[in-house]
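The structure is shown first.

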Amino acid sequence: MAEMKLNRENSVGLQVQDLWEESKLDPTEKLNACFERIPVSDFPATPQEIEVRSDASLAEAVQILAQNKLLNAPVVNVDAPEDASWIDRYIGMVEFAGIAVWILQQSEPPSPEDESVTSGDFFKSLTSSEFYKKTKVVREISGSFRWAPFLALEQSNSFLALLILLSKYRMKSVPIVDFGDGRIKNIITQSAVINMFAECTGLHWFESWGAKKLSEIGLPVITTERLIRVREDESVLQAFELMSKKKIGGLPVVDAEGSKAIGNISLRDIQFLLTAPEIYHEYRSITTKNFLIAVKKHLEKHDAGSPMLSGMITCKRDQTVKELIQMLDSKRIQRMYVVDDDGNLEAVVTLRDIISRLVYEPPGYFGDFFDRMLPPPDYDSV
């Protein structure tokens, strides 16, 4: 058995191990029961000092996210009193994807197929415009979190609830709130959960589950027929528009024949259209292939450690859950594309898929939890 890593990131995993050994339940029920007994407050916290004011402009919000290398941040209501509850203090989360979608809709650019909007000059002109610099719409666009209500867990809520929100309810990260002082104490991301699982190497419960091949736990779920993809000669804006419409986090970019993947574009990559529009000036049209090339050159110069420089990461159907988790963690990605022996694209496996095979939502588990959260945003306004 692999040597167990002894650091604070696997504290949750160690608790699962102790509970696993105590439990007399059937193996299919054990993990649910174990994660239900562990509060989310036991997950290692990261300092949550970065917040975006609700009166911030688009340009200010983008600058805050970019400077701190964040994909999203909580938006604090500047009109809320000091003793406000968390539900009154925070309006929601603001993220690059939401900002970009809002900009495109409000500025009413031509169709994504129009060369004037797919050219390298479009975003450079947009981000230098008075509209971009002075429009204060953070309050309007932050009400959604991946096009969903703003949801948070209390520190005493269970780790099972967290895993279900990240998988079944498709949240990319979950704020953990202290209901006493009404402030966010931690934000647990998909990447943090992947890392936690990877750090459980050597623990019996993880080794037992991780030794299973993908096919043994019913993965992949999304296979060739249902896999949404974009060709290398299509507009990158069409790719982002498709992700928004289908509410998915990423797409494979395939060659002209449509069978071999040459790269991946995710919602978080839309940040480069806002933070580094100058890198596209040499392109008459920003196709998905040109986008990948331009971003790679930019990162090689400014962020050599970026996971986007790892190239297309793939796996095979006969690989184990443990191998997949370790690859996702080491490459800092949330999805892996499955290919056959000839490199043809067959399917995709995401962290959500893996978690959904690890735990399940018991009937009536959340009760009135969703009714107590902030109401869904008015999508007509964004």
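## Second largest pocket

Helix H15 gives the most residues to the lining of the second largest pocket, contributing 5. The model is a predicted one. Elements that supply two or more residues to this lining are strand S10 (261-266), helix H15 (288-302) and strand S12 (335-339).

In total, 26 residues line the second largest pocket, and those that lie nearest its centre are Gly 263, Asn 264, Leu 292, Met 308 and Gly 311. Sorted by class, the lining consists of 13 nonpolar, 7 polar and 6 charged residues. The space in the second largest pocket is about 540 Å³.

## Nonpolar cores

The largest nonpolar core is made up of 55 residues, and Phe 35, Phe 197 and Trp 205 have the most contacts inside it. Helix H10 (residues 159-167) provides the largest share of this core, with 8 residues.

Which residues is Trp 205 in contact with, leaving aside its neighbours within four places in sequence? They are Gly 13, Val 16, Gln 17, Trp 20, Leu 31, Phe 35, Phe 197, Cys 200 and Leu 358.

## Ile 187

Ile 187 belongs to strand S6 (residues 183-189). Ile 187 counts as buried because its relative accessibility is 12%, and buried means under 20%.

Along the chain, Ile 187 and Pro 74 are 113 residues apart, while their C-alpha atoms are separated by 9.4 Å.

Conventions:
Residues numbered from 1 in each chain as written. Predicted model: local features only at pLDDT ≥ 70, side-chain atom pairs only at ≥ 80, totals over all residues. Heavy atoms only, no water. Core = buried A, V, L, I, M, F, W, Y, C linked by side-chain atoms within 4.5 Å. Buried < 20%, exposed > 50% of the residue type's maximum accessible area, 1.4 Å probe, protein only. Helix = DSSP H or I, 4+ residues; strand = E, 2+ residues; numbered from the N terminus. Contact = heavy atoms within 4.5 Å. 1 Å grid on protein atoms, 1.4 Å probe; cavity = no way out; pocket = protein on both sides within 12 Å on 5 of 7 lines; lining within 4 Å. Points joined across faces, edges and corners; volume = space filled by probe spheres on them. Nonpolar A, V, L, I, M, F, W, Y, C, P; charged D, E, K, R; others polar.
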